[in-house]
Amino acid sequence: PTENVKHTHYDGGRESEHITGLNLRSKKIAIGIPMDEVIFSQFLVNFLGLDVMPWDSMITTTSTYLPEARNKIHNTFLRSAKDCDHLFMVDSDVMPPPKIIERLLAHNKDMVGGWYRKKEKYPYKDPAGVTAIIQRPVVYDHVGVREDGVIQYTQKMFPNKGLEEVAAAGAGCWLMSRKLAEALGENPYSMENGGEDMNLCRQTTKLGFSMWIDWDIACAHVGTFFV
């Protein structure tokens, strides 16, 4: 069933109304948001269209140290949200498109996400020798394994299309199954070997789980030029 939800937004004295067709989802999930000290107003307005259900669990933290924030959310999901089969992690500077939760659940994957661009600018020279400034997707391929067994990644240059199995991705917008979360155990995020999200992806691969990106779900990333 679908129900229309209306919300009114004021921006610089201008009033606008938004009508969202909300699909009533019966499956309860946990939504984890590691927030900065001040949540972005754009995120809050955008959040209203993500098909969040009243019966979903919400887990938030104001820690600005991402490994700690993500671990608190992950551990709370394991301990206190046992009636939720999935954890949707979304950062407060990432704005997914409407109905993303429903779309990710439909893939029936243990680890699947939308994508967003990295904030850093990257000079790219095309085959014709023309240099342009691009912002690459925060999605990665395997590039090898170090002598000490640490998996190494290379960042993709451009987005793809459709659903693709990938080596790793940024943790700003992904859906994780309880099966994978329990296999990872508590405190799986750390800055060891290049970032909390990369470290978790390495553990996911070693546990035999795959990571998927739906390239048709493009998320805005506050601070980038474009989606």
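Predicted model: local features only at pLDDT ≥ 70, side-chain atom pairs only at ≥ 80, totals over all residues.
1. Residues are numbered from 1 along each chain as its sequence is written, and side-chain values use heavy atoms, leaving out hydrogens and water.

2. How many aromatic pairs are there? The count comes to three, where rings of Phe, Tyr and Trp (its six-membered ring) pair if their centres lie within 6.5 Å, with planes under 30 degrees apart called stacked, over 60 edge-to-face and the rest tilted. In one of them, the ring centres of Trp115 and Trp215 are 5.4 Å apart and the planes stand at 55°, so this pair is tilted. Trp115 belongs to strand E7 (residues 111-115) and Trp215 to strand E15 (residues 211-218), so the pair ties together parts 100 residues apart in sequence. Strands (E, at least two residues) and helices (H or I, at least four) are DSSP runs, numbered from the N terminus.

3. Another tilted pair joins Tyr140 and Tyr153, at 6.4 Å centre to centre and 55° between the planes. Tyr140 lies in strand E10 and Tyr153 in strand E11, so this pair links parts that are 13 residues apart in sequence. Tyr140 is buried, with a relative accessible area of 12%, and Tyr153 is buried too, at 15%.

4. Those strands lead us to an open sheet of three strands, in the order E11-E10-E13 with antiparallel pairing (two strands pair if DSSP finds at least two bridges between them). Strands E11 (151-155) and E13 (168-169) stand at the edges with a single partner strand each, so one side of each has no neighbour in the sheet. E10 (residues 139-145) pairs with E13 over two bridges, and Val139 stands opposite Ala169 in E13.

5. Which residues have the most contacts inside the largest nonpolar core? They are Phe77, Phe88, Ile100, Trp174 and Met176, in a core of 54 residues. Such a core is a set of buried Ala, Val, Leu, Ile, Met, Phe, Trp, Tyr and Cys residues joined through side-chain atoms within 4.5 Å. Strand E15 gives the most to this core, with five residues.

Conventions
Buried < 20%, exposed > 50% of the residue type's maximum accessible area, 1.4 Å probe, protein only.
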